Amino acid sequence: MAEDKTFYITTPIYYPSNKLHVGNSYTTVAADAIARFKRLTGYRVWFLTGTDEHGQKIQRQAEAARKDPRVFVDEIVAWIKELWEELDIEYDDFIRTTEPRHKEKVARIFTRFYEQGDIYKGKYEGWYCTPCEAYWTERQLVECNCPDCGRDVELIAEEAYFFRMSKYAQRLQDYIEEHPEFIQPISRKNEMVNNFLKPGLEDLCVSRTSFDWGIPVPFDQGHVIYVWLDALSNYITALGYSEEGSIFETFWPADVQLIGKDILRFHTIYWPIFLMALDQPLPKTVFGHGWLMLQEGKMSKSKGNAIDPRVLANRYSSDALRYFLLREIPFGQDGIFSLESFITRINTDLANDLGNLVSRTLTMAERYFAGVLPEPSAADENSDSELRLLALETPAAVESYMDQLKLSDALAELWKLVRRSNKYIDENTPWDLAKDPAKEPRLGTVIYNLIESIRFIAVMLRPFMPRTPDRIWEQIGLKDDSALHNWASLLEWGAIKPGTIVARGEDLFPRLNLLAEIREMQGGQPAVQDASGGNDAEEPEGLISLEQFQQVDLRVAKIVTAENIPKADKLLKIEVEIGENDLRQVVAGIAEYYKPDDLVGRQVLFVANLKPVKLRGILSQGMLLAATSEDGLLSLTTVDTDMPPGSRVS
Ligand code: MSP
C-alpha cells in the first residue's frame, strides 16, 4: 500500500440528546461506504465519527431525565455505538467531546485565539436557538423564530467572548471562489456566499455563562466555550492536533467532511475561519447532503417521527438498509423514506436482480456440473465478450462515481453488471444447452462466466453491503481465498479456478410481501383499503375483523430453557414447547424483568405463526405475550390452570 495515498473522512458528531434515527444513520452509512471503498482501492484511511456532548440542550435534557449529564450521555453514547456495530460502521476513531484529549486541546485553541487577538470580551444581546445551539440577530429571525428550524428562540443578554469573523471574511470568500471543490454540491456554495458572506459576516459569540455543561474558558471562570467551537474542533483534536508525532500530520487536511445541509453554515464559514486562525489548511471538500424525509416532512428526533434504524436492520438486515439508503437517494438531494419504497428496492434490486442471479447460477452449477466449477473451454461468443468487457469496465466506472461522491450512481453502475449477467442467462438458455451432450463445453463456459461475474460483483459490493459478499464467497467456494476478494483481482477476467467447489446456499434476499410488511410494521393495521370495502368510512378506525384475528395462531407454551444473551442486556433466549416434539426458540425483550431461572417451567401465551426473524443473529420463531404498563412494568400473560403445551387460545 502506497503510504502517500491517505484519505481522511469525517461525519458530524451527533448530539447524544436522544437515540439516533434513520436520517442520522444515513450520513454515517454513506461515510462508511466511502471509507470502505477507499480502503479497498488501496488508500490508508482514517474514518472519524463521534458525539457532541456539551451544551444547553443536553444539560436541559439530562435535567429533565433527572440524570447527571455525564450519566445521561454515557447511556445514549453506548446505544449509538451499538447502532454503528449493527450497521457495520467500521470507524477508526470515535471522539467524545467530553474526553480529556479533546477538552484540553479546545481550551488551548481558545486561549490561542484570545492571545492573538481573534477573540475579545464583550456583551451579547440577541436571540439563541437551543435545539440548533445557534445565535441569531433580530433581523435574521423568521416570524420571531429560528430561521433554521422554525422553533422558539430565547432572548439572551450576557457577558461573552466574541470571535472576529470579519477579520477573515474576505479571505474565506476568495478561498471559496478559488476552490470550487470546497463546498459541495456546488449549489450549496452560492447559498453560503450570498446569504452569509456577502451581506457581511458578524462576529460570533463563542462563550456562554448561563449554564456550565461545557469546556470552561481557561482564563475566565463562569464562561464555557460555545458548543460549536468546541464541536468543530473535534475533527483535528481527534487526530492529536498540536501533539508531536500524532497522525494529524498524516491526515490533515481532511479529504471529505460529510454533513447534512442544515449544518453547512457552521462547516463552511465558522470552521474554515477557525482553521485560518490556527494557520491550518482547510478541508478539501465539505459535502452537505440532503435530508431523509417522510411523506409528512423531515424526520427529526424532536418531532417524534423518527424511525429507529435498528428495527429496520433487525427485520430486513443491515445490508438491505444500507443498500436502500445509498441507492434510493441521489447523494446531495433530499429523499423520501417510505416502507413501500424500501420493500420495493429489496424486492427488485436485491431479491430479483442480485438474489436471483446467484441462486439461478448456483442451482445450474449444481445440477449440470455437480457443484464443480467447469472449465471455460468453448469459443468466445458475442454475449461472452460483452459480459466480460462490462465486468472489466465496471470497477473504473464505480470508482469514478465514488470519487465524485455519487454513491447512488456507483451502485446503479454495479447493477448494470448484475442485470447484464441475468440477461446473459436468458440469452444462453443453459437449460437448453444441457439437453445436448455435445454442447457441454458451451454450457460449462456459460456457467464459468456467470460465476466469475458474480465474483466481480461481490468484490465491488462490499463497501456498500459488507455482509452479503461473505455469503456469496461461501456459495462460490471462495471463502478462504482472500486474494480473489481484492480490488486488484478485478484487473483480469478469469481469476476463479475451474474445479472450485460451489454450492447453492440460502437465498440472499427472499422476496417480501409488501402488504404483509406494511401491516406488520403498522402493528397489524391494514395499510391500504381493501377491495371488499372493509375500510368503510363509517366504521371506527382500528377495528379488525374476526377473520383477521383468527389469523393469529395463539397457543399455550411451556418455557423449557431460558438464558441471557451476551452483550444484549434486554434480551433473553428462550425455548418453549408448544406440543410434542415441537420446540420453538424465541428472543424476548424481557431480561430486565425476569431472571432466566425463574422462567423455566412457566406457562405463557405464545404467538406461533409469526414469520421467523433474526435478532442479534439469533433466530426468533414467535412471540411471548406480555402486558406492559405506561410506567414501565411488564408481566408475562399466562393461563389460569395448567394446560397441555400447544393448547389453542381463542
Ligand atoms: N452536533 C451537531 C453536529 C456537530 S458537527 C461538528 C449536530 N448534531 S445532530 O445530531 O443534530 O445532527 C447530526 C447530523 O444528522 C447532521 O448532519 C444533520 O444534518 C443530520 N440529520 C438530522 N436529521 C436528518 C435527516 N432527516 N436526514 C438526513 N440527515 C439528518 O447537528
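1. Arg66 is placed in the loop between helix H2 (56–64) and helix H3 (69–86). In this predicted model, Arg66 has a positive phi of about 50 degrees although it is not a glycine. Its relative accessibility is 79%, so Arg66 counts as exposed. As background, most residues other than glycine have a negative phi.

2. A second residue with a backbone angle of this kind is Arg616, where phi is positive and near 50 degrees, again in a residue other than glycine. Arg616 sits in the loop between strand S20 (613–615) and strand S21 (618–620). With a relative accessible area of 32%, Arg616 is partly exposed.

3. Two cis peptide bonds deserve attention. The bond from Gln184 to Pro185 is cis, with omega near -10 degrees, and Pro185 belongs to the loop between strand S7 (183–184) and helix H6 (186–197). The bond from Trp252 to Pro253 is also cis, with omega near 5 degrees; Pro253 lies in the loop between helix H9 (248–251) and strand S11 (256–260). In general, most peptide bonds are trans.

4. Leaving aside neighbours within four places in sequence, the residues in contact with Trp252 include Tyr8, Tyr235, Trp271, Leu275 and Pro283.

5. Strands S1, S2 and S3 are linked by parallel pairing. Strand S1 (residues 6–14) pairs with S2 over seven bridges in the parallel sense, and Thr6 has Arg44 in S2 as its bridge partner. S2 is joined to S3 by four bridges, also parallel, with Thr49 opposite Phe94 in S3. Strand S2 (residues 44–51) has six of its eight residues buried, so it is largely enclosed by the rest of the structure. In strand S3 (residues 93–96), Asp93 and Ile95 point one way and Phe94 and Arg96 the other, and all are buried. Side chains alternate between the two faces of the sheet in a regular strand.

6. An open sheet of five strands shows antiparallel pairing, in the order S18-S17-S16-S19-S22. Strand S18 (583–588) and strand S22 (623–624) stand at the edges with a single partner strand each, so one side of each is left without a neighbour in the sheet. Within this sheet, strand S16 (residues 554–565) and strand S19 (residues 603–607) run antiparallel and are joined by five bridges. Ala557 stands opposite Val604 in S19.

7. Two helices are noted for burial. Helix H12 (residues 318–328) is mostly covered, with ten of its eleven residues buried; among them are Asp319, Arg322 and Arg327. Helix H13 (residues 339–369) contains Asn347, which counts as buried at 6% relative accessibility. Not counting residues up to four places away in sequence, Asn347 touches Asn352, Pro510, Arg511 and Leu512.

8. The structure holds one cavity of 30 Å³ or more. About 40 Å³ of space lies in the largest cavity. Its lining includes His54, Glu133, Arg208, Phe211 and Trp213. By class, the lining residues divide into six nonpolar, three polar and two charged.

Methods
Residues are numbered from 1 along each chain as its sequence is written. This is a predicted model: local features need pLDDT of at least 70, side-chain atom pairs count only at pLDDT 80 or more; totals for chains, interfaces and linings use all residues. Side-chain values use heavy atoms; hydrogens and water are left out. On a 1 Å grid over the protein atoms alone, a cavity is a set of points where a 1.4 Å probe fits but cannot get out, and a pocket is an open set with protein on both sides within 12 Å along at least five of seven lines; lining residues have an atom within 4 Å of a point. Grid points are joined across faces, edges and corners, and a volume is the space filled by probe spheres set on the points. Ala, Val, Leu, Ile, Met, Phe, Trp, Tyr, Cys and Pro count as nonpolar, Asp, Glu, Lys and Arg as charged, and the others, Gly among them, as polar. Two strands pair if DSSP finds at least two bridges between them. Contact means heavy atoms within 4.5 Å. Buried means under 20% relative accessible area, exposed over 50%, partly exposed in between (1.4 Å probe, protein chains only).
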